[in-house]
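Open the model in your viewer and keep the selection tool ready. We will go from one stop to the next.

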Amino acid sequence: MAMVKEKNMLKKIILSITLFLLPLLALAQNTEEIEWINKLDTKAIATFGDAKRLFYSTFPDLSKQQSNTIKLLNQYKDDAPLKRGMIAAIIARELNLKGSLFYMLTGLERYACRACIAEGIMSANSSENDLISGPELLDIMIQAKIAKEGN
Amino acid sequence: MKHFFVVIFLSGSLLCASNSFAEITVIKVQGTAAYRDGNKWSPLKEKMKLPEGVKISTGANSYAIVSLNSLNHTVKIEPLSMLQIYSQETTNKTNTHIGLKRGQITANVPKNESVKTIFKVSTPVATSSVRGTEERITYGEKTGMIVEVLRGSIEATNRFGRSNVISGKQKFMQISNSANSRNILSTVRSISIVSVNGHGLTSEETATSQYSEEDQTGSPDGDTGTLFENISKNATVTINLQWPW
């Protein structure tokens, strides 16, 4: 009888602890993205994985629809240093940029880069092989979002 | 002695009145937004009061709208942005200073003749001052600072003290490694003027012709005939100029 009582007591304690911790867990998840973004803002060289994660959270609906974009998002390893051409290709494909015809025809990342420059998403004085820093990746994604929404 | 305390009290009250902090209140939050609370980030919630000098950061696909004082000066903080807000308010003066580290904000500063309004948005490359205006400001490491005026007019000054007053469809664009901002009409000019190469083709048409047959380089309205060289002909072009907008 005493054992059953103890078990019930233990269950109640576990339940109350869980109920107490649940909101805290929810808050942690809520700020986890912010902390990751601000950590990315200090990175000297971003990775392809960073670009992938940021892209998925910036365009959550679109990227699920386009299988070609998903193919591009799985083209490189997550820990590969991010080059301008890699992210340009994904953006040009996803946003269907006006100047991305040659990229669609040839598949060369340099044309995707040119299309992004023409739309003001990327700066002009750069090549597709340049490595991208965290702040630059954030900058590109902000501009891509603006271009998509037509601000 | 009694007079001395009265004077101290009055000057203290005056000092407090001249530097009273405005109430920074969160109006709306969509998605993930947080403010710096000591050493950690805490989630931003609607109707929350924020302290002077608060740092706010928004996540991807998220935004927050914050009221900066009792005069309904508001700022919409767009996705992936980070900023710091200083806002002070007295009965006849408001002084708001926003430091934009990255991202985009839309500031709305309704005109109020009876209150002296100072509203500045600074980035590492330039500062914009507004009065009775709605403006959109973007800053990124490579793209620099871009100020668009949605309503009214603003003055934007770069780090070298060179300023531009802009309104309408003009844009202030300042990149970090340049002493001068770009022409305020450069974005309008770039969509108004199309450079035409040989055969009367634009750059895009010339590039397309490399991948297509010769007879497919005509106009998009169905004229796909071959273009002849060295034929000069007069043409009439109607231009409708609207200035200012």
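Start where chain A and chain B meet: the rule finds 2 salt bridges across this interface. A salt bridge here is a side-chain nitrogen of Lys or Arg within 4 Å of a carboxyl oxygen of Asp or Glu. Select Asp41(A) and Lys101(B): their side chains form a salt bridge, at 2.7 Å from N to O.

This is a predicted model: local features need pLDDT of at least 70, side-chain atom pairs count only at pLDDT 80 or more, and totals for chains, interfaces and linings use all residues. Residues are numbered from 1 along each chain as its sequence is written, chains are lettered from A and ligands numbered from 1 in the order in which they are written, and side-chain values use heavy atoms, without hydrogens and water.

Next, select the whole contact (heavy atoms within 4.5 Å). Chain A brings 30 residues and chain B brings 27 residues.

Which element gives the most to the side of chain A that touches chain B? It is α8(A), with 9 residues.

Zoom in on α8(A), residues 134-149. Its 16 residues reach 23 Å from first C-alpha to last, close to the 22 Å expected at 1.5 Å a residue. That expected span is 1.5 Å times one less than the number of residues. In α8(A), 13 of the 16 residues are buried, so the helix is largely enclosed by the rest of the structure. Buried means under 20% relative accessible area (1.4 Å probe, protein chains only).

How values were computed
Helix = DSSP H or I, 4+ residues; strand = E, 2+ residues; numbered from the N terminus. Buried < 20%, exposed > 50% of the residue type's maximum accessible area, 1.4 Å probe, protein only.
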